Amino acid sequence: MISGFTPTWMIRATYDISPETLLQLGIKVVLTDLDNTLIAWNNPYGTTELKNWMLDLERVGIQLVVVSNNSHRRVKKAVAPLGLPFVSRALKPLPFGIKRAMRQYHVTPAQTVMVGDQLLTDVAAANASRVRSILVKPIVASDAWNTKINRFFEYFVMHGVKKAHPELTYRKEITINGRHN
C-alpha cells in the first residue's frame, strides 16, 4: 500500500531540481503540478526563480508541462503569463493526465518525471503511470480548502512512507546513486 505513495526523490523546492541531473537521468519531459508546486496557489504570477528554472530546462532541451486537476479555464489563466503547455482535469491520483501528456510529447515513462507537492495525488499518479516522481515541499504553508483534506490524510501516509523508507528525506538536489534515484 505505501509503495503507491512513495516518491522516487524528495527535494526541498521545485527550483532546486537540476536540469543537468534530469538530463543525466534521461528525462525529456518534466510534468509538474500547478498549485503550491510551480506557483503559490493564491498567486498565479511566477517568481524569478521559476522563470530562471524554466529557462534552464529549455536550455538543456527538457519540456516542462503542467498536469493539474484544476479546470481548463483555471489552468489556462494561471499558466498564460508563463507560456506553458498543460493538461487540465488530470484526475490525479489516476494515471490519465500523465499518460495523456506522455502521448502528446511522445515520451516513455523512463523519459518522464512528475513533480508535485502531494503524495495522495501527484506521487500516486506518477506511480500508477510508472513514472519517477519528485515530492517537493509546498511553496506556501496555506492551501486551498479542498487540498486541506488531502493534507490531513497525507500526514499519516507520509509517516508510513518514512517508516518504510527512512532514507527518503527532503534534500537540496537529486542524488543519482543509492535509493534516492
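A salt bridge is a side-chain nitrogen of Lys or Arg within 4 Å of a carboxyl oxygen of Asp or Glu. This tour of a predicted model uses that term at several stops.

**The whole chain**

Begin with the complete chain, coloured by secondary structure. There are 6 helices and 6 strands, and from the N terminus on they follow the order β-α-β-α-β-α-β-α-β-α-β-α. Of the 181 residues, 49% are buried. Where contacts join residues at least 6 apart in sequence, 69% of them link residues at least 24 apart. With the surface displayed, the accessible area comes to about 9200 Å², and carbon and sulfur atoms account for 57% of that area.

**Lysine 92 and its two partners**

Side chains of opposite charge can pair when their charged atoms come close. Aspartate 122 forms a salt bridge with lysine 92, and their closest N and O atoms are 2.7 Å apart. Aspartate 122 belongs to helix H5 and lysine 92 to the loop between S4 and H4, so this pair ties together parts that lie 30 residues apart in sequence.

Aspartate 33 also forms a salt bridge with lysine 92, here with 2.9 Å between the closest N and O atoms. Because aspartate 33 sits in the loop between strand S2 (29-32) and H2, while lysine 92 is in the loop between strand S4 (86-87) and H4, the pair joins parts that are 59 residues apart in sequence.

Are these residues buried or exposed? Aspartate 33 counts as buried, since its relative accessibility is 8%. Lysine 92 is buried as well, with a relative accessible area of 7%, and aspartate 122 is likewise buried.

**Glutamate 20 and arginine 59**

Now move to glutamate 20 and arginine 59. They form a salt bridge in which the closest N and O atoms are 2.8 Å apart. Glutamate 20 lies in helix H1 (residues 19-24) and arginine 59 in helix H2 (residues 48-59), so the pair connects parts 39 residues apart in sequence. Glutamate 20 counts as partly exposed at 36% relative accessibility, whereas arginine 59 is exposed at 55%. In the whole structure, a search finds 6 salt bridges.

**Serine 129**

Select serine 129, which is placed in the loop between helix H5 (119-128) and strand S6 (132-136). Its relative accessibility is 3%, and it therefore counts as buried. Which residues does serine 129 contact, leaving aside its neighbours within four places in sequence? They are Pro95, Ile98, Lys99, Met102 and Pro109. For isoleucine 98, which is 31 residues away along the chain, the C-alpha atom is separated from that of serine 129 by 6.9 Å.

**Two surface patches**

For the last stop, select Phe152, Phe153, Tyr155 and Phe156. These residues make a nonpolar surface patch of about 500 Å². Tyrosine 155 is part of helix H6 (residues 145-164), and with a relative accessible area of 60% this tyrosine is exposed.

How values were computed:
Residues numbered from 1 in each chain as written. Predicted model: local features only at pLDDT ≥ 70, side-chain atom pairs only at ≥ 80, totals over all residues. Heavy atoms only, no water. Helix = DSSP H or I, 4+ residues; strand = E, 2+ residues; numbered from the N terminus. Buried < 20%, exposed > 50% of the residue type's maximum accessible area, 1.4 Å probe, protein only. Contact = heavy atoms within 4.5 Å. Patch = residues over 30% accessible without salt bridge, like charges linked within 9 Å, V, L, I, M, F, W, Y side chains within 5 Å. Areas by Shrake-Rupley, 256 points an atom, 1.4 Å probe, with all protein chains shown as cover.
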